[in-house]
Amino acid sequence: MQNKKKLYPINQSPFFRLRSRRRLARLLYINLPFLEQLAKDTAAYHEWDDLDEDSGKVRHIENPQPRLKKVQGRITKLLGTIEPPDFLFCPAKRRSFVSNAKRHIGSKVVFTIDIKKYFQSSRPQRVFHFFRTCMECSPDVAAVLTKLSTFKGHLPTGSPLSPLMSFYAHWDMWCRIATVVKTENCTLTVYMDDLTVSGQRISGQLIWAIKKIIHGTGLRYHKEKYYAGRFSVITGIIVREEKLSLPNAKHRKAYLIRREYLDTADVNHRNLLGQKLEGTRSLARQIENANKT
């Protein structure tokens, strides 16, 4: 069995107090001229609109060219060596939306809220602030890292760096929210742009404090939900008083897929449906295992 890679405090990151672009280039396994070229490249992305078959929504994709994507992947890997806070479940290794939901088992009330257009609202100023203030990089290093991370004034949707960078771009916001939630003896989890708070009670003052912090950072929120009773829905999982369960909508979808699978003779379509069924079975197994531990 392989050993888990060691994680470090934020002040032990390779980026911490990085003051030289040449050292940054070496850290990213490239040379300085190539680093500067990438930072200035205005045609480093391929864009298109993608239709989500499940939701019916169109998502604009901003996909970096291979050479830039490789460097963004390297930055992601280096940021990934930072020990994530206990409340972060995505993006964080060895944590999932199931473990995110499990954290709230036993709570009497649950409040959930989403950050609206998270990547599109994550501005270069926030990325620069993280590298310059939190990482204490020199201004020129922070500026180059910002250019490598952003596109057209925000975090690009197709970059491997954007999920993790969106969290660190708002590092100070998440830390302030965690502090006020802890003060109220409640539990906080963050799964990408989904924020969940639970406890024996959640005061209106706490909810208002969270909203003010989000708004004050320049972000907007939506999809507020408040649960008080037998169950709640957290990152698509039913959370009851003592266990997790698969939503009825998932059961029905699996039933319909099974019927379609049996009725179709097209081999390729059957393979696609089989993959979808296996995805539902895998989720059910994750939930079952989570309930056992």
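**Figure 1. Helix H2 passes helix H7 in a left-handed crossing.** In this predicted model, the axes of H2 and H7 come within 8 Å and cross at roughly 55 degrees, which makes H2 oblique to H7. The contact is formed where Leu35, Leu38 and Ala39 in H2 meet Val144, Lys147 and Leu148 in H7. Sorted by kind, the residues of this contact of H2 with H7 comprise five nonpolar, no polar and one charged.

**Figure 2. The buried residues of helix H7 pack against several helices and a strand.** Helix H7 spans residues 139–149, and its buried residues are Val141, Ala142, Val144, Leu145, Thr146, Leu148 and Ser149. These buried residues of H7 pack against helix H1 (21–27), helix H2 (32–40), helix H3 (66–79), helix H6 (124–134) and helix H8 (162–169), as well as against strand S1 (45–51). Two of the buried residues listed for H7, Val144 and Leu148, also take part in the contact with H2, where Leu35, Leu38 and Ala39 are found on the H2 side.

**Figure 3. Helices H9 and H10 are roughly antiparallel to each other.** Helix H9 covers residues 171–183 and helix H10 covers residues 204–216, and the two pack at an angle of about 170 degrees, with their axes 10 Å apart. On the H9 side the contact involves Met173, Arg176, Ile177, Val180 and Val181, which meet Leu206, Ile210, Ile213 and Ile214 in H10. The residues of the contact of H9 with H10 divide into eight nonpolar, no polar and one charged.

**Figure 4. Strand S4 is mostly covered.** Strand S4 runs over residues 109–115, and seven of its seven residues are buried. Val109, Phe111, Ile113 and Ile115 point one way from S4, whereas Val110, Thr112 and Asp114 point the other way, and all of these residues are buried.

**Figure 5. Strand S4 pairs in the antiparallel sense with strand S6 and with strand S7.** Six bridges join S4 to strand S6, which is made of residues 194–199, and these two strands run antiparallel. Within this pairing, Ile113 stands opposite Leu195 in S6. Strand S7, made of residues 221–228, is likewise paired with S4 over six bridges, again in the antiparallel sense.

Conventions: Residues numbered from 1 in each chain as written. Predicted model: local features only at pLDDT ≥ 70, side-chain atom pairs only at ≥ 80, totals over all residues. Heavy atoms only, no water. Buried < 20%, exposed > 50% of the residue type's maximum accessible area, 1.4 Å probe, protein only. Helix = DSSP H or I, 4+ residues; strand = E, 2+ residues; numbered from the N terminus. Pairing = 2+ DSSP bridges. Contact = heavy atoms within 4.5 Å. Axes fitted to C-alpha atoms, helices over the stretch in contact; angles between N-to-C directions. Parallel < 35°, antiparallel > 145°, perpendicular 65-115°, else oblique. Left-handed = near helix turned anticlockwise from the far one by under 90°. Nonpolar A, V, L, I, M, F, W, Y, C, P; charged D, E, K, R; others polar.
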